[in-house]
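The following exercises concern a predicted model. Each task is followed by a solution in steps.

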Amino acid sequence: MFAVLSAVFAAATSILAKMGIRDVDSSLATAIRTAVVLVMSWVVVIVSHRYGHPSGSLFSEVHGLTPYSWLFLVLSGLATGASWLCYFYAVKYGPVGKVVAIDKCSLVLTLLFAAAFLGETLTWKTAAGCLLIMIGTFIMIC
């Protein structure tokens, strides 16, 4: 259910971004979007900890993060920021349908990276699906 909602919100994000970025610098638009996401994320964290989150104090949980977790969470944040900056620039200057099609090729890259760096299995079904996604993307952007 949450994966489906994620897809719906991602689709809405693309359309709303294209509508809102018309007369705005793409980097500024990314910063505004990021500020909204930051506030929304902290509200969710605070509310979930206040109303029965089993892990205890929010501060003790943050303090308990290992350097390993910090490193990879920061790197993930930097990758997200870079992705959003590139995405907003592409949406501003390109057709949203083509931009989103290319952006969704991240699924193919994610599966390849998961196999290479996390040791996840890349089955023939996964490989065939990746190939079909790439073919579909090529058809959509040409």
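**Exercise 1.** Identify the residue whose side chain is joined to that of T126 by a polar contact, and classify T126 by its relative accessibility.

*Solution.*
Step 1. The side chains of T126 and T123 are joined by a polar contact of 3.0 Å.
Step 2. T126 belongs to helix α7, which spans residues 124–141.
Step 3. The relative accessibility of T126 is 21%. Buried means under 20% and exposed means over 50%, so T126 is classed as partly exposed.

**Exercise 2.** Determine how far apart T126 and V24 are in sequence and in space, and then list the contacts of A29 beyond its neighbours within four places in sequence.

*Solution.*
Step 1. In sequence, T126 and V24 are separated by 102 residues.
Step 2. In space, the C-alpha to C-alpha distance between T126 and V24 is 39 Å.
Step 3. With neighbours within four places in sequence set aside, A29 contacts V24, I21 and F88.

**Exercise 3.** State which residues form the largest nonpolar core and which helix gives the most to this core.

*Solution.*
Step 1. The largest nonpolar core has eight residues: A17, I21, A29, Y87, F88, V91, V99 and V100.
Step 2. At least two residues of this core come from each of α4 (67–93) and α5 (96–103).
Step 3. The helix that gives the most is α4, with three residues.

**Exercise 4.** Find the buried residues of α5 and the helices against which they pack.

*Solution.*
Step 1. V99, V100 and A101 are buried in α5.
Step 2. The buried residues of α5 pack against α1 (2–20), α4 and α7.

Notes. Residues are numbered from 1 along each chain as its sequence is written. This is a predicted model: local features need pLDDT of at least 70, side-chain atom pairs count only at pLDDT 80 or more; totals for chains, interfaces and linings use all residues. Side-chain values use heavy atoms; hydrogens and water are left out. A nonpolar core is a set of buried Ala, Val, Leu, Ile, Met, Phe, Trp, Tyr and Cys residues joined through side-chain atoms within 4.5 Å. Buried means under 20% relative accessible area, exposed over 50%, partly exposed in between (1.4 Å probe, protein chains only). Helices (H or I, at least four residues) and strands (E, at least two) are DSSP runs, numbered from the N terminus. Contact means heavy atoms within 4.5 Å. A polar contact is a pair of N or O atoms within 3.5 Å; within protein, one must be able to donate a hydrogen and the other to accept it, and residues adjacent in sequence count only if both atoms are side-chain atoms.
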